[in-house]
Amino acid sequence: MKYLKSSQSVSTGKTMRMDRTRKIALVSLAFNVAYSAYHVIFGIFTRSWWLFTIGIYYVMLSIVRFAVLQSKMQEGFSVRFTGIMLMVLSLPLVGTVILAFVRDRGTVFHLIVMLAIAVYAFSKITLATVNWIKARKSTSAKLITLRNISFADAFVSIFSLQRSMLVSFDGMSEMEIRIMNAATGSAVCVIVFLLGLNLVRRKR
């Protein structure tokens, strides 16, 4: 009897934890859709390849996150699919980093806009950290997959924030800005690739 109660308690705890994570993921998905739409539309109107490319990246990431949330397929396939998609998405990011160094150092925004972008980016980091804490001791494939997606989303947002901050506020030379963007962008590409590789290897 005690064993049954203990098992039921553990099962209930896992269900509640999964429900909370699902709600957080849904909120993040809603923000992602709005954020990606802004980048794509603004990128088209301003003819900014950077905004358009990042917008497409967020669109693809939103599709992957939605697929994981709604997926009724085997967890193994879902994990492997997400891992491969993150690894694939890291490749276009390499191109944006190269082009950012060669052609475009970033977009200048008003202080209020920069503050809004900063709040959004750090909110993503906070949500990703919450997911990581919850998935740290979890064996749920969906929980772990959502965690990696959240970090892939958050790190690219931080990179975008840095690019805009460096040109919106004085203090660094043109070459220093380009080098800083190249270094941070390269690190983000590697991190996104490793997040995908982690899911693929976890399945194996």
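This is a predicted model: local features need pLDDT of at least 70, side-chain atom pairs count only at pLDDT 80 or more; totals for chains, interfaces and linings use all residues.
Helices here (H or I, at least four residues) and strands (E, at least two) are DSSP runs, numbered from the N terminus.

Residues are numbered from 1 along each chain as its sequence is written, and side-chain values use heavy atoms, with hydrogens and water left out.

**The chain as a whole**

The protein chain has six helices and zero strands, so its elements read α-α-α-α-α-α from the N terminus on. Of its 204 residues, 45% are buried (under 20% relative accessible area; exposed is over 50% and partly exposed is in between, with a 1.4 Å probe and protein chains only). The protein chain exposes about 11,400 Å², and carbon and sulfur atoms supply 69% of that area; accessible areas come from the Shrake-Rupley method with a 1.4 Å probe, and for residues only the protein chains shown count as cover.

**Two aromatic pairs**

A pair of aromatic rings is described by the distance of the centres and the angle of the planes. Rings of Phe, Tyr and Trp (its six-membered ring) pair if their centres lie within 6.5 Å; planes under 30 degrees apart count as stacked, over 60 as edge-to-face and the rest as tilted. A search of the whole structure finds two such pairs.

| Pair | Centres apart | Angle of planes | Class |
|---|---|---|---|
| Tyr57 and Tyr58 | 5.7 Å | 70 degrees | edge-to-face |
| Phe151 and Phe155 | 5.9 Å | 25 degrees | stacked |

Tyr57 is buried, with a relative accessible area of 5%, and Tyr58 is buried too, at 0%. In the phenylalanine pair, Phe151 is buried at 15%, whereas Phe155 counts as partly exposed at 26% relative accessibility. Why are Phe151 and Phe155 separated by about one helical turn? They are four residues apart in helix H5, which covers residues 141-168.

**A serine in helix H5**

Helix H5 also holds Ser160, a buried residue with a relative accessible area of 8%. Leaving aside residues up to four places away in sequence, Ser160 touches Trp50, Ile54 and Tyr58. Tyr58 is thus a contact of Ser160 as well as a partner of Tyr57 in the edge-to-face pair.

How values were computed. Contact means heavy atoms within 4.5 Å.
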